[in-house]
Amino acid sequence: MGLEESLQVLKQFWGFDSFRPLQDEVVLSVLDGKDTLALMPTGGGKSLTYQVPALVKDGICLVVSPLIALMKDQVEQLQRRGIKALAIHSGMSRHEISVALDNCVFGGVRLLYLSPERIATELFRVRVQDMNVNLIAVDEAHCISQWGYDFRPSYLQLSNLRSLLPEAPVLALTATATPEVCEDIQDRLEFRSRHLLKQSFERPNLIYEVRKTDDKAGDLLGFLREHPGSGVLYTRSRQKCREIALWLREKGIKAGYYHAGLKQERRDEEQSAWQKGEVRVIVATNAFGMGIDKPDVRFVLHVDLPDHPEAYFQEAGRAGRDGLDARAVLYVGPSDAARALQRIDQGFPDIPFIRKVYAALGNFLQVPVGSGKGQSFDFEFGSFLSRYRFQAMQAHAALSVLEQEGYLTLTEAFHNPTRIMFAVGRDELYRVQVSQGDLDAFVKLLLRTYTGLFSQYVRIDEYTLAKRAGIPVDRIREYLLLLAKRHLIHYIPRKDMPLITYAEERLEEKSLLIAPGPYHFRKSRFEKRLGEMIRYAEGEEHCRSRFLLTYLGQSRAPRCGRCDVCAAGKGDSPGSADDLDEAIRRELTSRSQPVGDLLDRLGGSAPLILEHLEALEALGWVRRDAAMNLIWTGA
C-alpha cells in the first residue's frame, strides 16, 4: 500500500489526479501505521487524509468528531460517492445505534463517524472489538487539550479507545493549535512516538486589516460598495445578524443571515442561496462555516471581536480558498475591548449559580437524582430560561462549564430527519400487503423510493413521498404512524432541537463538585487568549499575518507586506522579530536567567523585548522555573 494505490482511490471516488500540499505526506504516514498529528489550515482538505486510507486498507475507519451536523454532512457526501459510511451520535435511539453497529461489523461499512461521548457506552465498547478497525481519525483534536480553546472532557475517552484497539494507528487533525497544545494532544492520545506534520499557515493571498472606527455601519457599507464579490460578515449576536442583513437589503445589497436559532430548513435555504450566489453577503454567528467549501469568498468581515486568535484565524481563513486575493477585515470601535473583557465574567459565572442551573436542568428534564447517565433529552432552551428566569448568556455559560466538568454534553440544534426501518422481513411484509390492502400502495411507495429499509434505518422525506403519491403530507405521517402502530416499521419522527446528554447520573445540588483549580485555570486561559485578540486588534506594531502565524507557533514568520500595518510602513521591520527570537533563544539556551539580566544582555528596547517574551511564553517556547528565571523550551 502506498501512494499509487492512494492516487487510484482519489481519482476513482473524488476525481482528483493529485493531492494538495501535505495531504500525501499524511496519507503515507497513516498507511505506514504511524500515529500522526496533522495541522492543516481551514480548507486544506483534512477529511481526505483519513477517507482515502480508509478505502485503501481493509477494514473500517473510526472518525471521532464533536460536530454532529458536520458528521451527517460528510456521511451523506460519502454515500453519494458510493462509499458505505454511517454515523452514530446522541440524537439516535439505542436500537438505531445497535443496528448501525451491526452494519459496521457485518455490512461492509468503510467509515463510522461517532461523537466522543459514544465511546464510553457499553454498547459501543463491546461491538467495536468485533470490528476490523484500520484507523482512528480524531477530528478537531484540540478538543482533547485543556490548554486548547475548546476543551471537551468527552474527548478524554479516546485513551480508552486506544486500549481497546491497540494496533490501530491514530490520526489527529486540527486547523489551529499552539505548540503546547500539539504536545498535549500527542500525550493525551498516547502516541507511540512523536510525529507532527504541519502545513504553513501562511496565506499570501489573504490581506488582513484592522479598521478602527466610530462608525462601523458607514465604513462597512463603504467597503461593500467598493469591493465586489461574495463574502461573510461575522457578528456575535443572533439579533444583530437579522438587523444587519435587513439593513443591508435596504441599502441595495443582497444579504441573508444565519445563526443556530433558525430552523434547519431556513438555515439550509440561507446557506444554499449564498453558495449559489443568489445573495452576496451572509451575516452570521460563528455557527456558520464548518464544512462550507465555497472557494470564491472575496472577503470575511468581523464587526465584533472574536474570543481568541484561533477563532479569528479560522473564520478569516474561509476567504480566498481559490488562491485569488481576498480580504479579512476586523472593525474595531472605541469600546470593543471593554465589552470583550466583560465576557470573562459572563462566560465564567460563580459556582453557586452553576449548581443552581444544574438543579433546575434536572427538574426541567424530569431526571430523578441518581439516574440519567447516558440518556439524551430534547432541550427547549427558551422554555428553560422562561420557567426559571435565567439570563440566556449566563445560563448557557453555566451549561458550558458543566460540559467542561464532564457532567453533560450540550448539542446545538441540528436537523434530524425522519428515519424508518422495517421491523419484519420481506415475506411477512408481503403477507401484510395482501391482507391489509389499505397499506399496500404506501408500502410499495416506500420500497420504490428508498433502498436498505430491511437492514438499516433510512432517512426519508415526507414531502418527497407526498409529492410522488399526490396526497397531503399529513396523510403520509398518518400512514407512518399506522405502520408503526402495527409493528411493521421502527419509526423515528423528524425534529430540530438541541439535546442534553447526561455523562453521569444526576447528583443532588450540594453534591455537584466543581474543582476551583481547573475552573480558574480555564478562566485564566480564556482571559489570556482574549487578551491576545485585543492586542491584535489594538496594536499597530506588528504585521497582522506575522502576529497570527507567530501566535500559532510558526517561528520566523515573514512580514506579509500587504496588511494595514505593512501598507502604512509601520511596525517591525523585516527580520527584526526573527533576530530578537534568535537572540532570546541563544541567551536562554546557554543558561536560565532572570528577566532583568536578559534585558541587560540583549540591550535595545525593553518594552519590545518584554512584549516579545510574553508572546513566546504564550506559545510555550519560554517558561519560568521555581525561581522565576526564564528557560527556553521550544522552537
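Q: Helices (H or I, at least four residues) and strands (E, at least two) are DSSP runs, numbered from the N terminus; which helix holds Gln-74?
A: First, a word on what you are looking at: this is a predicted model, where local features need pLDDT of at least 70, side-chain atom pairs count only at pLDDT 80 or more, and totals for chains, interfaces and linings use all residues. Residues are numbered from 1 along each chain as its sequence is written, and side-chain values use heavy atoms, with hydrogens and water left out. Look along residues 68-80, and you will find Gln-74 in helix 4.

Q: Is Gln-74 buried or exposed?
A: Buried means under 20% relative accessible area, exposed over 50%, and partly exposed in between (1.4 Å probe, protein chains only). The relative accessibility of Gln-74 is 14%, so this residue counts as buried.

Q: Which residues does Gln-74 touch, not counting those up to four places away in sequence?
A: A contact needs heavy atoms within 4.5 Å. With residues up to four places away left out, the partners of Gln-74 are Ser-47, Tyr-50, Gln-51 and Tyr-113.

Q: Which residue of strand 13 is the bridge partner of Ile-207?
A: Strand 8 runs parallel to strand 13 (residues 326-332), and seven bridges join the two. Among the residues involved, Ile-207 is bridged in strand 13 to Arg-327.

Q: What is the phi of Glu-140?
A: You can find Glu-140 in the loop that lies between strand 5 (133-138) and helix 7 (158-164). Its relative accessible area is 10%, so Glu-140 is buried. Although Glu-140 is a residue other than glycine, its phi is positive, near 50°.

Q: Is His-487 buried or exposed?
A: His-487 has a positive phi of about 60°, although it is not a glycine. The loop that holds His-487 lies between helix 20 (473-485) and strand 19 (489-492). With a relative accessibility of 62%, His-487 counts as exposed.

Q: Which residues of helix 20 meet helix 19?
A: From helix 19, the residues taking part are Glu-462, Tyr-463, Leu-465 and Ala-466. On the side of helix 20, they meet Val-473, Ile-476, Arg-477 and Leu-480.

Q: How far is the C-alpha atom of Leu-365 from that of Lys-198?
A: Leu-365 belongs to helix 14 (residues 351-365) and is buried at 11% relative accessibility. Leaving aside neighbours within four places in sequence, Leu-365 is in contact with Phe-377, Asp-378, Phe-379, Ile-500 and Tyr-502. Lys-198 is 167 residues away along the chain, and the two C-alpha atoms are separated by 44 Å.

Q: What is the relative accessible area of Val-52?
A: Val-52 sits in helix 3 (residues 48-56). Not counting residues up to four places away in sequence, Val-52 touches Ser-6, Val-9, Leu-10, Trp-14, Phe-19 and Val-27. Its C-alpha atom is 36 Å from that of Tyr-407, which is 355 residues away along the chain. Val-52 is buried, with a relative accessible area of 0%.

Q: How many residues of helix 22 are buried?
A: Helix 22 spans residues 544-551 and is mostly covered. Its buried residues include Arg-544, Arg-546, Phe-547 and Tyr-551. After the helix comes Gly-553, with a positive phi near 95°. Of the eight residues in helix 22, the number buried is eight.

Methods:
Two strands pair if DSSP finds at least two bridges between them.
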